[in-house]
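Subject: A structure for you to look through

Dear colleague,

I am passing on a structure that I would like you to open beside this message. Please look at it first, and then read the notes that follow.

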Amino acid sequence: MKIVILAAGIGSRLGNPFPKPLTPLNNGKSIMGMQIDNLTEQFSVDDISIVVGFKKDLIMERFPEVTYIYNPFFDRTNTSKSLLKALKKNKDKSVLWLNGDVVFDAQLLQELNPYIKKEQSFVAVNTSKVADEEVKYTLKNDFIDQLSKTVKNGLGEAVGINFIASKDIDKFINRLEECDNNDYFERGLEMAIDRDGLKISAVDISAFDCMEVDFKEDLENANNLFR
């Protein structure tokens, strides 16, 4: 299995003059530093790739031990195209990927491992809250049916940690190719579910601390959770 961190975007909503994943936390780590520390508790650092774009050298100098994939169109494309670049490098492998602004409890990975081991594609979700501006989901026959920010009556929020099994990756790549430049990768998942019948599980990680840092208030909440 390979691991991909999506970190190409400008992240303007937080207001940093540097890539959002380098945002310092009160625990002495950056967002990305915490991600890599958590991931390498269970997986090899050699299997981690980071998709970079905006001020890429700052990230590459900070974490020289991982592999990098460059999205030169980071200012004109969204996560669907950054993830597409990474998946094309790993067509024969399963891939665990996460957004570069997610802070999470390392124990959360133990909840995901059974699905990874049985090669079941999934989206990690939090069922304890459903905010309007977040990516939400619905289920059909125990698998994800709809997945977007516009979902009505969502059952929970996608937290930005996901897994595509090797058996599903080719179809997912094809749908990411069809996505518009400004689409999030969730659009590719939705199309693969609808048109290819991909079975994507929703893995509930609500028992663990996990959040995306988009705004200053998110950063304050993250610092309160992860001291």
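Is α3 mostly covered or mostly uncovered, and how many of its residues are buried? Helix α3 is mostly covered, since 8 of its 10 residues are buried, where buried stands for a relative accessible area under 20%, exposed for over 50% and partly exposed for what lies in between, using a 1.4 Å probe and protein chains only. Before going further, please keep in mind that this is a predicted model, in which local features need pLDDT of at least 70 and side-chain atom pairs count only at pLDDT 80 or more, while totals for chains, interfaces and linings use all residues. Residues are numbered from 1 along each chain as its sequence is written, and side-chain values use heavy atoms, with hydrogens and water left out.

The buried residues of α3 are T79, S80, K81, S82, L83, L84, A86 and L87; helices here are DSSP runs of H or I with at least four residues, numbered from the N terminus.

Helix α3 (residues 79-88) also meets helix α5 (residues 169-178), their axes coming within 9 Å and crossing at roughly 140°, where axes are lines fitted to C-alpha atoms over the stretch in contact and angles run from 0 to 180 degrees between N-to-C directions. On the α3 side the contact is made by S80, K81, L83, L84, L87 and K88, and on the α5 side by I169, F172, I173, L176 and E177, with contact taken as heavy atoms within 4.5 Å. These residues divide into 7 nonpolar, 1 polar and 3 charged, with Ala, Val, Leu, Ile, Met, Phe, Trp, Tyr, Cys and Pro counted as nonpolar, Asp, Glu, Lys and Arg as charged, and the others, Gly among them, as polar.

F172, named in that contact, also belongs to one aromatic cluster with W97 and F185. Across the whole structure a search finds 5 aromatic pairs, a pair being rings of Phe, Tyr and Trp (its six-membered ring) with centres within 6.5 Å, called stacked if the planes are under 30 degrees apart, edge-to-face if over 60 and tilted for the rest. The rings of Y115 and F122 have centres 6.0 Å apart and planes at 65°, so this pair is edge-to-face. Y115 is partly exposed, at a relative accessible area of 23%, whereas F122 is buried, at 1%.

Finally, a search of the whole structure finds 0 disulfides, a disulfide being a pair of cysteine sulfur atoms within 2.5 Å.

With best wishes

Terms used: Helix = DSSP H or I, 4+ residues; strand = E, 2+ residues; numbered from the N terminus.
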